[in-house]
Amino acid sequence: MKYKNIREEELKNKVGADWFKTFDTTEILGNVDFTVFPKQNNIFGRTPLLWAEAKTGNFDVTTMFVQLVLTIGKARTFDKTLPPAFLGAFDFKKIAFVPYISVQDIFYINDFNWNVTPSNHETKEFQLIKERIEATLKQNTYIYDYEVDEQDLKTFIANNIAKATDANKIKIDKNNFIPIYLRWLEIIKPNIDVNWDNLKKANILDSDFYLADLLVDDKDTQKIDDDSSIRDNLFVVFQNQGYKIAKENIKQMFDASIPIRGKETYQQFWKRYKRPPIKEFQDYIIERRDLLVPQDIRERKGAFFTPRQWVELSQKYLTDYLGENWQEEYYIWDCAAGTGNLLAGLTNKYNIWASTLDQADVKVMHERIEHGANLLESHVFQFDFLNDDFSKLPQGLQDIINNPKKRKKLVIYINPPYAEATSSKTVTGTGENKAGVTTQFSVNDYFKPEIGNASNEIFALFMANIYEKIPNCILGQFSKLKFINGSNFEKFKTFFLANFIKGFIVPAETFDNVKGKFPIGFTIWDTANKTKINKIATDIIDKKGDFTGIKNFYGELPQSINKWIKMYDNGSSKHLAYMGNPAPDFQNNKFLNIEVQSGTRHVNYFSFTKNNLLFGIVYFTVRQVIEATWLNDRDQFLYPNDNWQSDKEFQNDCLAFTLFHSQNRITSNEGTNHWIPFTEREVNAKEKFESNFMTDFIKGKINIENDKLELFQNQGTQQNSKNHRSDNRVFSAEANAVFDAGRELWKCYHSQKDINVNASLYDIREYFQGRNDKGRMNSKSTDEKYTELIGNLRQKLNILADKIAPKVYEYEFLKA
């Protein structure tokens, strides 16, 4: 057999290399075993071609497909990324394909428990899915033996997978026709060659063109199932690759066909969706055409305007949790509504309430209602959620809040302000807390004893006020995730007790007016279930809107790495250097550096001595060795377990990493440089160095005088000695490669004229790169030899970093 007796990962790799080598099979999508994507993006991003289940044995095809369906249905992967053209299943002997559209309906059944383990073939849910799709699979599945059907399999892939376009379509229904319309406005409307102002005077709106597009089939033929009532309700029809006005009393005013300028864009957009909707949804969409409000009200000035794609996705998550008809069964209040963009796409205006601080925003929303927005004017009102008494609320909303049963059906759906009272300038000692950011709110004084420093955050005050005054409601909110794992939120987490339901995180930079790389999350909480936040798992959504994995956030964490390092800081005056210990997360690592003199930031400064050197370099390394990204920006560095103390190779790798890292800013201009990692002979120095401490330390020539620091002791007779010499350090191949690259750089420097013989790495960089007119070091040099050598050093340091990184998690400096 072609792939017999190999492990699953190897099977997937071989199938990818042997049959799909012209595609990208490397992308990981949740728990789906195997994916196939085109290597090149189209104008809307990459369209998935295949999601497949992989098995190493000889499995029944139907069984493999059922497991794949349960995997996809449980995660609702089709809601997080565009579905593929085909689903697949393969083992060591065969591979099978089925068009996604032929089994798509199974994912929309309402009375089914998807929360089962897909690999458990004994559950009743597994059997139910098997019964429902077995006949479909028999009719629509293509099965190939790798050896017997080799040529047929290659032909199928070339003619179907490679050319897949029509099968990967999203069905249009009453839950998604509004979000699709909002995207249509951005992509298709600008390509329709018409004077919109003239049409508006005739009461023809852009939504009429969208409806015409919806009711077209795959051959661009207007398709309305011969239903005259629907035909009579269309003001615009699609005709001859363009549009025609169909409204009887004005169609003679627009006699000519209205053309589409960007036909390729039009075709690419509609390839994503299956048109027309089924008859049931056609009736509903025509009946509720009033929900398609022209989006002529744009963002008012202010931060964190919720992007449309995340509004759509948040409403999908609410639908997943509360059910397809949730808008009929639940009430919705956006108590930080702004101009109401978070409410776009909601359908039941009688159950929607919107309040905002600014009366001007209320006026904007009222203007939108006049133009057809799906809100009730009496349900949109000015209200200062953090200052006003709830007696000022509309009576209808008060009735809901004051009724325990109705209150459990109230969804607080918000994207509150994220401003906070502190900034980087506060920490550096060059500024003060931002005046009045939270102290202007009456709830600040009330909640500060309950939630502590979290009261500096406006969004935390919103959460606290909701929890206190609207108990047992459902909270769906956009926010930073620091209330889960932030060090300032310990008291908050003893106050806010709620059950996490589900959520997703996206890059903050996708929000208008937001700077910085950190996650913004949409999370859903059941405040009726009083549970302390321990750990939550959120879906990761990239800036394109694609699901890329799961991210854990921890509410209960061990003590901070800063408490750990403080134990070994004796404040000795015989210091080798100082290292600031900024807040223990990735966003603050830019402030972590090593210098000869103590700095001025409002943080602890660790004093390096001969006795605690390795503790300091381990601290420095574990915080710098993993690159900061938007995903890990708020991850906390923790008090480690003790296993690292016996790992000499890890310690020595950390030493090599620290000596050559760019944040090691030791400079001989500020004092004696004890950090030169080479002897004079190694680098052909012109004079003797002022200090040979580091090379003596590496060679085991330094006396250690602290009986607490057992890891510095040599093995053998000195194990219980208070005073002992440091180990003669043996470095790994990766660390030695860093030393070798660094040695060549030092040699190059010492071959120059007019140098400082005691120069550090920082001094060498300054020598070759120079500084700009603002006094900042330039990012590169015009010296080609130096550029080559520093580039090689950085490359070797990156390799060493990759080697060290897994140990950071193994020794629990970070939690995965």
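1. Cysteines. In this predicted model, C335 is buried, its relative accessible area being 2%. The closest cysteine sulfur to that of C335 belongs to C473 and lies 9.1 Å away, which is too far for a bond. A disulfide would require the two sulfur atoms to be within 2.5 Å; by this rule the count comes to zero disulfides. C748 also counts as buried, at 10% relative accessibility.

2. Overall composition. The chain has 816 residues, of which 55% count as buried. Its secondary structure comprises 30 helices and 24 strands. Among contacts in the chain with a separation of 6 or more, 69% join residues 24 or more positions apart.

3. Main nonpolar core. The largest nonpolar core contains 112 residues. W333, F385, I412, Y413, F483, F496 and W525 have the most contacts inside this core. Helix α20, spanning residues 458-469, gives the most to the core, contributing nine residues.

4. Surroundings of F496. With residues up to four places away in sequence left out, F496 touches M463, Y467, L475, W525 and I533. Of these partners, W525 is listed with F496 among the residues with the most contacts inside the largest core.

5. Second core. A separate nonpolar core of 72 residues is also present. Its members include I676, A685, Y749 and Y811.

6. Packing of α28 and α29. Helix α28 covers residues 733-750 and helix α29 covers residues 761-769; their axes come within 11 Å and cross at roughly 55°. Because angles of 65 to 115 degrees count as roughly perpendicular and those under 35 degrees as roughly parallel, α28 and α29 are oblique to each other. Their crossing is left-handed. On the α28 side, the residues that meet α29 are L745, W746, C748 and Y749; on the α29 side, L761, I764, Y767 and F768 meet α28.

7. Position of E328. Helix α14, residues 326-329, contains E328. This residue counts as exposed, with a relative accessibility of 52%; the cut-off for that class is over 50%. Apart from neighbours within four places in sequence, E328 is in contact with N348 and N351. E328 and N348 are 20 residues apart in sequence, and their C-alpha atoms are 6.7 Å apart in space.

Definitions and conventions:
Residues numbered from 1 in each chain as written. Predicted model: local features only at pLDDT ≥ 70, side-chain atom pairs only at ≥ 80, totals over all residues. Heavy atoms only, no water. Core = buried A, V, L, I, M, F, W, Y, C linked by side-chain atoms within 4.5 Å. Buried < 20%, exposed > 50% of the residue type's maximum accessible area, 1.4 Å probe, protein only. Helix = DSSP H or I, 4+ residues; strand = E, 2+ residues; numbered from the N terminus. Contact = heavy atoms within 4.5 Å. Axes fitted to C-alpha atoms, helices over the stretch in contact; angles between N-to-C directions. Parallel < 35°, antiparallel > 145°, perpendicular 65-115°, else oblique. Left-handed = near helix turned anticlockwise from the far one by under 90°.
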